[in-house]
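Please read these points with the sequence and the model side by side. They are meant for someone new to this structure.

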Amino acid sequence: MSVDGDGTERGNGGADEPGWDVDPDDESGVAVVAAVGRQIKAWREAAGLRAGEFGAAIGYGEDLVYKVEGGRRIPRPEFLDRADEVLGAGGKLAAMKKDVAEVRYPKKVRDLANMEARAVEAGLYSNHNIHGLLQTPEYARALFEMRRPAYSEDEVERVLAARMARRRIFERAPAPALSFVQEQVTLCRPIGGTMVLRRQLEHLLVVGKLRNVEIQVMPTSREDHAGMGGGIEVLKFGDGTAVGRSEGAFAGRPVSDPKQLRILELRYGMIRAQALAPRESLAFIEQMLGET
């Protein structure tokens, strides 16, 4: 078996090939992948092909074919394209790429992305690295590649695609009001190297000039700081409800109770007041870019 540079699986049918495993706790994901697998099997059997023959025809191993058909492995887009072509499905199998597009992302990431997609307002404080919504692909990849225990290359590609998909929040209309507070140290640490950091700072300057986005910097020199308990996220929705989470409150669990939310909103409000103003912050980031 070999793996192409783009992560495409190729096999001889005897190895347990790497791929996108289905999370057994993700009930909706399990149902989608199982339904797709049954369709592929039905088309294969209608074409009179054995699993090994079908795998050889599309360039994948027999073991992977069985796992996809059994709903135990998430098929890649190129797998569905080749299956559609070989089985003469007339686009019906290729169309299933839409069904599995979100399932390939971890459930907790999908849930977060769905909440972000509904939010009309977001307050986000980051103290260890640039917030995920603001990350460039290179910066995010560097973060995932330094994870311990280490991700496989396939896992890196999977979580990277999920993180980049969340950036669709900047393309929404009407645009949500987005407020970010970044610790100064997150703008200094050269995650991925100097050039990756430079491109990341350039990206912050571009996003920070959007009319619905405010980016503030919390200087390291501040003596008073309301965010010492860790990162904070508060998302508010059009129906008046909200959800929040903080590493240093409520055991890090998401909360929606108004009393608990008020605590997070109080802390975030104080953080914003203690940080540099948005215009000062962009000037600060521009200065750091010139020094990098």
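1. Helix α9 has the buried residues Val196, Leu197, Gln200, Leu201, Leu204, Leu205 and Val207; buried means under 20% relative accessible area with a 1.4 Å probe, protein chains only. Helices are DSSP runs of H or I with at least four residues, strands are runs of E with at least two, and both are numbered from the N terminus.

2. The model is predicted: local features need pLDDT of at least 70 and side-chain atom pairs pLDDT 80 or more, while totals for chains, interfaces and linings use all residues. Residues are numbered from 1 along each chain as its sequence is written, and side-chain values use heavy atoms, without hydrogens and water.

3. The buried residues of α9 pack against α7 (137–145), β7 and α11 (278–291), where contact means heavy atoms within 4.5 Å.

4. The largest nonpolar core has 32 residues, and Leu201, Leu204 and Ile285 are among those with the most contacts inside it. Such a core is a set of buried Ala, Val, Leu, Ile, Met, Phe, Trp, Tyr and Cys residues joined through side-chain atoms within 4.5 Å. Its largest share, 6 residues, comes from α9. A second, separate core of 22 residues includes Val22 and Met96.

5. An open sheet of 5 strands has the order β7-β6-β5-β8-β9, with mixed pairing; two strands pair if DSSP finds at least two bridges between them. β7 (213–218) and β9 (242–246) are at the edges with a single partner strand each, so one side of each lacks a neighbour in the sheet.

6. Strands β5 (residues 119–126) and β8 (residues 232–237) run antiparallel and are joined by 6 bridges.

Note on methods. Buried means under 20% relative accessible area, exposed over 50%, partly exposed in between (1.4 Å probe, protein chains only).
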